[in-house]
Amino acid sequence: MLFKKSVMTAAVFAVGSVAVMSANAETTGSFNTTLTVDTYCQISTAATAIALTTVNDGAAREGTSSIGVTCSKGTAYEIALTPGNADVNGSGLLKVGGAAGQGIGIPYQLKQTTTKAVWGSTLGVSGNALSATGEGVRVPSTHGITINIADAATDVTPGNYIDTINIALTL
């Protein structure tokens, strides 16, 4: 009987050794990681008010401001500017007291500062709404706005003339 116990003990140790070796065997695998980047576009710096110099001589005037836009790299966008009189070609009218003001008013033209092209609100038309492509979300793209008042356009009643220009950003 003694001999059989030794053989049985040896058999148990042999099976146990195989189990230990299987637990230490190396296995490998892999997995994926994903990220979806959505389109991002916003006006990051709104234009500041354009204060034209005081007029008393009927001479032309020009003023500038700018809009900062932050868009995902490669994202196409358009910026439309609409004066208070809703002219799609950026021809506005400064009036005493604003859009509901009295009097004839002083006409002005919105233009893109760099190209001097008319800046209006008709999307998809070259030379009207400004078309651009996003450079990335870390640094805004700056777009200059110029307002021109022609010669003799200031032959009106003295007062403070105002208009509100609406900005629309479209992807």
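This note goes through a predicted model point by point, from confidence to fold to single residues.

1. **Confidence.** The model is predicted, so start with pLDDT. The protein averages 83, and 80% of the residues score at least 70. Confidence is highest in β3, at 96. Helix α1, residues 2-23, has the lowest confidence, with a mean of 50. Where pLDDT is low, the predicted coordinates should not be read in detail.

2. **Overall make-up.** The protein has one helix and nine strands. Read from the N terminus, the order of elements is α-β-β-β-β-β-β-β-β-β. The chain holds 171 residues, of which 28% count as buried. Take the contacts with a separation of 6 or more: residues 24 or more positions apart account for 73% of them.

3. **The three-stranded sheet.** An open sheet has the strand order β6-β3-β9, and the pairing is antiparallel. Its edge strands are β6 (130-133) and β9 (166-170), each pairing on one side only. From one strand to the next, the twist averages 20 degrees.

4. **Strand β3 and its partners.** Strand β3 covers residues 76-82, and four bridges join it to β6. A76 has T133 as its bridge partner, and E78 has S131. On the other pairing, five bridges join β3 to β9, again antiparallel. There, L81 stands opposite I167. How many residues of β3 are buried? Five of the seven are, so β3 is largely enclosed by the rest of the structure.

5. **Strand β2 and its partners.** β2 is mostly covered, with eight of its eleven residues buried. Strand β1 (residues 41-45) runs antiparallel to β2, and four bridges join the two. In this pairing T45 stands opposite G68. β2 also pairs antiparallel with β7, through ten bridges.

6. S72 lies in the loop between β2 (61-71) and β3. Is S72 buried or exposed? Its relative accessibility is 12%, under the 20% cut-off, so S72 counts as buried. Which residues does S72 touch, leaving aside neighbours within four places in sequence? The contacts are D38, T39, Y40, G134, G136 and V137.

7. **P158, a loop residue on the outside.** P158 sits in the loop between β7 (136-149) and β8 (161-162). The relative accessibility of P158 is 77%; exposed means over 50%, so P158 counts as exposed. P158 and N56 are 102 residues apart in sequence. In space, their C-alpha atoms are 8.7 Å apart.

8. **Two positive phi values.** Most residues other than glycine have a negative phi. A86, which is not a glycine, has a positive phi of about 65 degrees. A86 belongs to the loop between β3 and β4 (91-96). K116 also has a positive phi, near 65 degrees. K116 is found in the loop between β5 and β6. The relative accessible area of K116 is 43%, so K116 counts as partly exposed.

9. **The largest pocket.** The largest pocket has a volume of about 760 Å³. It is lined by 33 residues. Which of these are closest to the centre? They are I50, L52, L94, Y161 and I162. Several strands contribute to the lining: β5 (102-112), β7 and β8 each supply at least two residues.

10. **What to carry forward.** Treat the regions by confidence. β3 has the highest confidence, at 96, and pairs with β6 through four bridges and with β9 through five. Helix α1 has the lowest, with a mean of 50. For spot checks on backbone geometry, go to A86 and K116. For the pocket, begin with the residues closest to its centre, including L52 and Y161.

Key: Residues numbered from 1 in each chain as written. Predicted model: local features only at pLDDT ≥ 70, side-chain atom pairs only at ≥ 80, totals over all residues. Heavy atoms only, no water. Pairing = 2+ DSSP bridges. Axes fitted to C-alpha atoms, helices over the stretch in contact; angles between N-to-C directions. Buried < 20%, exposed > 50% of the residue type's maximum accessible area, 1.4 Å probe, protein only. Contact = heavy atoms within 4.5 Å. pLDDT = per-residue confidence, 0-100. 1 Å grid on protein atoms, 1.4 Å probe; cavity = no way out; pocket = protein on both sides within 12 Å on 5 of 7 lines; lining within 4 Å. Points joined across faces, edges and corners; volume = space filled by probe spheres on them.
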